[in-house]
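Please take a moment to look over the sequence and the model, and then follow the description below with both of them at hand.

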Amino acid sequence: MADVQGRCDEQFSAVRRSFESNFDQGLDVGASVAVAVDGEMVVDLWGGYADEARTTPWERDTITNVWSST
């Protein structure tokens, strides 16, 4: 099971399961996801590693490029 940190509102538990699944299946090395609904943060998760060698854990404030966002 992936070491995922953060919080996730119970209503969005499927988001957490999908996020963890990406690590368990080897689809992500490291990532974070945040979702706000009507100004309330309902998902704020991070996990994995910030480097391909898997030596630096992904932290809450890890900086990354965003190439496409909607």
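Where does arginine 60 lie? Before the answer, a caution is in order, since the model shown here is a predicted one. Arginine 60 is found in the segment after β3. With a relative accessibility of 60%, arginine 60 counts as exposed, because the cut-off for that class is over 50%. When its neighbours within four places in sequence are left aside, arginine 60 is in contact with Asp44 and Trp46. A separation of another kind can be given for phenylalanine 23, which is 37 residues from arginine 60 in sequence, while the C-alpha atoms of the two are 17 Å apart in space.

An open sheet is formed by 3 strands, which follow one another in the order β1-β3-β2 with antiparallel pairing. The edge strands are β1, covering residues 4-8, and β2, covering residues 30-37, and each of these pairs on one side only. From one strand to the next, the twist of the sheet averages 5°.

How many bridges join β1 to β3? There are 5 of them, and they link β1 to a strand that spans residues 40-48 and runs antiparallel to it. Within this pairing, arginine 7 stands opposite aspartate 44 in β3, and glycine 6 stands opposite leucine 45 in β3.

The strands β2 and β3 form a hairpin that has 2 residues between them.

Aspartate 38 is placed in the loop between β2 and β3, and its phi is positive, near 50°, although the residue is not a glycine. Such a value deserves attention, because most residues other than glycine have a negative phi. Is aspartate 38 buried or exposed? At 81% relative accessibility, aspartate 38 counts as exposed, because that value is over 50%.

A positive phi is also found at arginine 54, where the angle is about 60° in a residue that is not a glycine. Arginine 54 lies in the segment after β3. Its relative accessibility is 43%, so arginine 54 counts as partly exposed.

The largest pocket has a volume of about 190 Å³, and of the 13 residues that line it, the closest to its centre are Ala2, Asp3, Gly47, Gly48 and Tyr49. Taken by class, the lining of this pocket has 6 nonpolar, 3 polar and 4 charged residues.

Notes:
Residues are numbered from 1 along each chain as its sequence is written. This is a predicted model: local features need pLDDT of at least 70, side-chain atom pairs count only at pLDDT 80 or more; totals for chains, interfaces and linings use all residues. Side-chain values use heavy atoms; hydrogens and water are left out. On a 1 Å grid over the protein atoms alone, a cavity is a set of points where a 1.4 Å probe fits but cannot get out, and a pocket is an open set with protein on both sides within 12 Å along at least five of seven lines; lining residues have an atom within 4 Å of a point. Grid points are joined across faces, edges and corners, and a volume is the space filled by probe spheres set on the points. Ala, Val, Leu, Ile, Met, Phe, Trp, Tyr, Cys and Pro count as nonpolar, Asp, Glu, Lys and Arg as charged, and the others, Gly among them, as polar. Two strands pair if DSSP finds at least two bridges between them. Helices (H or I, at least four residues) and strands (E, at least two) are DSSP runs, numbered from the N terminus. Axes are lines fitted to C-alpha atoms, for helices over the stretch in contact, and angles run from 0 to 180 degrees between N-to-C directions. Buried means under 20% relative accessible area, exposed over 50%, partly exposed in between (1.4 Å probe, protein chains only). Contact means heavy atoms within 4.5 Å.
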